[in-house]
Amino acid sequence: MQHNIPRPAIFHRSGPLRGIVKVPGDKSISHRSLMFGALAVGESRISGLLEGEDVLATAAAMRAMGAKIDRIGEGCWAVHGVGVGGLMQPAGALDMGNSGTSTRLLMGLVASHRLTATFIGDASLSRRPMGRVIDPLSMMGAEFNASPGGTLPLMVTGLVPAIPLSYRLPVASAQVKSAILLAGLNTPGITEVIEPIQTRDHSERMLRGFGADLTVEVAGDGVRHIRLAGEAELKPQTIEVPGDPSSAAFPIVAALITPGSEVTVTHVGMNPTRTGIYKMLEAMGADLTYTNEREVGGEPVADITARHSVLRGIEVPPEVAPSMIDEFPVFFVAASMAQGRTITSGLDELRVKESDRLALMATGLTAIGARVEERADGLVIDGSGGEPLEGGATVKSALDHRIAMSFAVAGQHCYHGVTVDDVSPIATSFPTFETIIGALKS
């Protein structure tokens, strides 16, 4: 899972991008399908699973705790679960590679099982704070021995029976919400998460699909009260994973900024908690059309066609941030080539992702000729008016897959090539990225 040998790559301007592509399966749904399948009694079948390094880390961890997980074809997996409460003591440390989602959600699972697990990861993951998950899980009775600053390596010892909790999220975080709900599966009584700002709701949708007794009540002020009854019995499911809307954003933005381009991305997940990027691009004037709209496994999906567009700068409302938090790096690329000024705020979360994404994007975009002001909680970008940026620089990815892909997209509309110092992290979420971008140029 460790990225020890950097692999630099240069991305050039090469004319219009055209074609029809399919991106890998949704990363969030892929993680959860493996975890929930491992907690069901019987065999679950998954198709369209993202076979990136992050998801494979989840599969390896669930195997280490007793589930039988087999790859039976491209993107097709069979999971024989052990039942809620049936996880076993892993023989060694669980290597999470670069995956914060795997780590935080699995910490929740372990918190209400009678076992001790040690979590390790790569250099990037080992810098990411885990305190926001440690705090509520400690209230449920789990014990933690973390590295200084609440980081990995980290040891969790679960408590059985755990203590049911009513917890109001201090920050919008689907990972914290999901960790608490997963701990609640093996906890007697009602576990409640109070969510002032809605985040992606894949856990709620999928837990109900697997048979958990989960309810969501929305108060008059919009605050969501999510209640889960333990001790749950999950039933095996057949799951079709839609294309990842975060991954789809990269070829879509590449098409929008590259003159003469028209790209269709098929079978993209359109969960309304994940589509902020597309709404904001449309607000900038993006030519996006949605066809073949349907529902797959409780999740809305569609084909998205993007055509080169004259984009205009906008001010992004802070409340939109949770629905596009992973897509801001490539959104910043679009803004750097728009007409006028784009203003973003309320993005403190981007400082504690796989990297400090605000700082890295500000530095990298400035290096390739964009006009960027970095603020404490966002970026202000004065666009090029649709003209190519200068390019010609080497930018740092800092082990962050989305930073690497964002500058690869930027290179499609720069006078000189953009070199990304290490593209190997892209394999964590989008192993076919370079192949797909290359195919759109031919």
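Okay, let's start with a proline: Pro161 sits in the loop between S9 and strand S10 (166–168). Helices here are DSSP runs of H or I with at least four residues, strands are runs of E with at least two, and both are numbered from the N terminus.

Quick housekeeping before I go on. This is a predicted model, where local features need pLDDT of at least 70, side-chain atom pairs count only at pLDDT 80 or more, and totals for chains, interfaces and linings use all residues. Residues are numbered from 1 along each chain as its sequence is written, and side-chain values use heavy atoms, with hydrogens and water left out.

Back to the prolines. Where is Pro153? Pro153 is in strand S9, residues 151–157, and the peptide bond from Leu152 to Pro153 is also cis, with omega near -5°. For background, most peptide bonds are trans, and most residues other than glycine have a negative phi.

Asn292 has a phi near 55°, which is positive in a residue other than glycine. You'll find Asn292 in strand S16, residues 287–296. Asn292 is partly exposed, at 46% relative accessible area; buried means under 20%, exposed means over 50%, and partly exposed is in between, using a 1.4 Å probe and protein chains only. Then there's Leu399, with phi near 60°, again a positive value in a residue other than glycine. Leu399 is in the loop between strand S22 (394–395) and helix H11 (401–410). Is Leu399 buried or exposed? Leu399 counts as buried, at 17% relative accessibility.

Next up, the sheet. Four strands make an open sheet in the order S4-S5-S3-S14, with mixed pairing. Two strands pair if DSSP finds at least two bridges between them. All the angles I quote run from 0 to 180 degrees between N-to-C directions, and axes are lines fitted to C-alpha atoms, for helices over the stretch in contact.

If you follow strand S3, residues 41–47, three bridges join S3 to S14, and those two run parallel. Ile46 stands opposite Ile239 in S14. Helix H1, residues 27–39, packs on this sheet and touches S3, S4, strand S5 (76–82) and S14. Contact, by the way, means heavy atoms within 4.5 Å. The direction of H1 makes about 40° with that of S5.

There's another parallel pair to look at: two bridges join strand S6, residues 94–95, to S7. Asp95 stands opposite Ile120 in S7. Strand S7, residues 116–120, has a covered face with Ala117 and Phe119, and an uncovered one with Thr116, Thr118 and Ile120.

Phe119 turns up again with Thr103, as one of the residues in contact with Thr103. Leaving aside neighbours within four places in sequence, Thr103 also touches Met96, Leu125, Met130 and Leu152. Thr103 is in helix H3, residues 100–111, and counts as buried, at 0% relative accessibility.

Last topic: helix packing around H7, residues 245–257. H7 and H11 pack at an angle of about 20°, with axes 9 Å apart. That makes H7 roughly parallel to H11; the cut-offs are under 35 degrees for roughly parallel, over 145 for roughly antiparallel, 65 to 115 for roughly perpendicular, and oblique for the rest. The H7–H11 crossing is right-handed; a crossing is right-handed if the near helix is turned clockwise from the far one by less than a right angle, and left-handed if anticlockwise.

In H7, Ser246, Phe250, Val253, Ala254 and Ile257 meet Arg402, Met405, Ser406 and Val409 of H11. Those residues divide into six nonpolar, two polar and one charged. Nonpolar covers Ala, Val, Leu, Ile, Met, Phe, Trp, Tyr, Cys and Pro, charged covers Asp, Glu, Lys and Arg, and the others, Gly among them, are polar.

And with helix H8, residues 276–283? H7 and H8 pack at about 20°, with axes 10 Å apart. The crossing of H7 and H8 is left-handed. Pro245, Ala248, Ala249, Ile252, Val253 and Leu256 of H7 make the contact with Ile277, Tyr278 and Leu281 of H8. What's the breakdown of that contact? Nine nonpolar, no polar and no charged.
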